[in-house]
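Hi everyone, thanks for making time. I'd like to walk you through one chain today, so let's get it up on the screen.

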Amino acid sequence: LSSLLGALALLQLSLYLRVPSRYGKHEERLCRPRGRLPARCAWFLQELPSFLVPALLLALRSPPRLEPLGCRLLCCLFCWHYFYRTFIYPFFTRGRPFPLQLLFFGTLFCIYNGFLQGYYLIYCAEYPNDWCTDIRFTSGLLLFLLGMGINIHSDLLLRQLRKPGEVTYKIPQGGLFTYVSGANYFGEIVEWFGFAIATWSLPAFAFAFFTLCCIGPRAYHHHRYYLKTFTDYPKSRKALIPFVF
Ligand code: NDX
């Protein structure tokens, strides 16, 4: 399953490196209302399996597995992110309606990845009892928390660019947007590489790689969009990685 995720990452990269995936600011016909769902509904439905599948696997495992602490904690970190993405993010988003076709594939992807990460951590992973003090766990956890902080803060800054009902695009300001156009994406990538280091597992590295291939190019397309649309767009701002790219 991890290898397939890696292959999907490469497919994603080859499909969306030149042309962006068609939702949000990269949709071709922005006003066409057919074939799409309000953003709140779409993000909730799409992300729900990423929370539900591992949470159910964790809850239903019989007999309940209490040890080692590392497995449980790591699975909870994954669910924690998707609790935010499913139950908090969608209810505040002011995004445009989301295409049904992408929603369908996005949901399939979230079922697949939720199962892979949850099943691996609950049924396959084996960690020593002192994994919580291992440098891989502690440094990965720190990166995960840092990335999550950046991601949530950047999501908030983007949301504040619009009043309710507004659909226009403005230049994002503040936080890590001072340095990069894709601050929310940068946070998410750091977060999942942190998770991969903390779990030290193939499924988590495959997912971090997928995230990089999925939203890395999207950050680049956002950056080009801003440069084309706003003549006063800050020239020193990079696409994804501060001061580098
Ligand atoms: N959902 C991850 N590929 C994806 C949906 C699409 O969570 O079949 C990947 C995810 C899926 C994709 C998912 C997987 C691959 C799929 C793809 C569809 C096809 C593809 C399934 C599951 C596929 C193969 C076959 C190869 C497998 O109007 P608006 O909506 O643009 O408004 C936006 C607003 N905003 C602004 N407002 C004012 N002024 C501005 N300048 C603005 N700029 C933006 O802010 C939105 O309301 C909001 C955020 O917009 P944007 O575009 O910055 O972020 P967005 O892409 O919508 O992501 C939102 C958050 C973000 O924090 C990001 O990190 C996270 O979700 N995310 C997103 C995508 C994937 C992902 C995380 C991950 O891989 N971990």
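So, how many residue pairs are in polar contact across the interface of domain 1 and domain 2, with both residues at pLDDT 80 or more? The rule finds 15 of them. A polar contact here is a pair of N or O atoms within 3.5 Å; within protein, one has to be able to donate a hydrogen and the other to accept it, and residues adjacent in sequence count only if both atoms are side-chain atoms.

Who does the touching on the domain 1 side? Both α3 (69-92) and α4 (100-124) give at least two residues to the side of domain 1 that touches domain 2. α3 has the largest share of that side, with 11 residues. Helices, by the way, are DSSP runs of H or I, at least four residues long, and strands are runs of E, at least two, numbered from the N terminus. Sorted by type, the residues on that side of domain 1 come out as 16 nonpolar, 6 polar and 4 charged. For that sorting, Ala, Val, Leu, Ile, Met, Phe, Trp, Tyr, Cys and Pro are nonpolar, Asp, Glu, Lys and Arg are charged, and the others, Gly among them, are polar.

A word on what we're looking at: this is a predicted model, where local features need pLDDT of at least 70, side-chain atom pairs count only at pLDDT 80 or more, and totals for chains, interfaces and linings use all residues. Numbering runs from 1 along each chain as its sequence is written, and side-chain values use heavy atoms, with hydrogens and water left out.

Now the domains themselves. Domain 1 is 36-133 and domain 2 is 134-244, with bounds from an automatic or database domain assignment. Their centres, taken over C-alpha atoms, are 19 Å apart. In contact terms (heavy atoms within 4.5 Å), 26 residues of domain 1 meet 31 residues of domain 2.

Together the two domains bury about 2500 Å², and 67% of that is on carbon and sulfur atoms. Buried area means the accessible area (1.4 Å probe) that two parts lose on being put together, summed over both. Of the area domain 1 buries against domain 2, Arg-94, Arg-96 and Trp-131 supply 28%, more than any other three residues.

Elsewhere on my list, Arg-85 and Asp-155 pair their side chains in a salt bridge, at 3.0 Å from N to O.

Conventions. A salt bridge is a side-chain nitrogen of Lys or Arg within 4 Å of a carboxyl oxygen of Asp or Glu.
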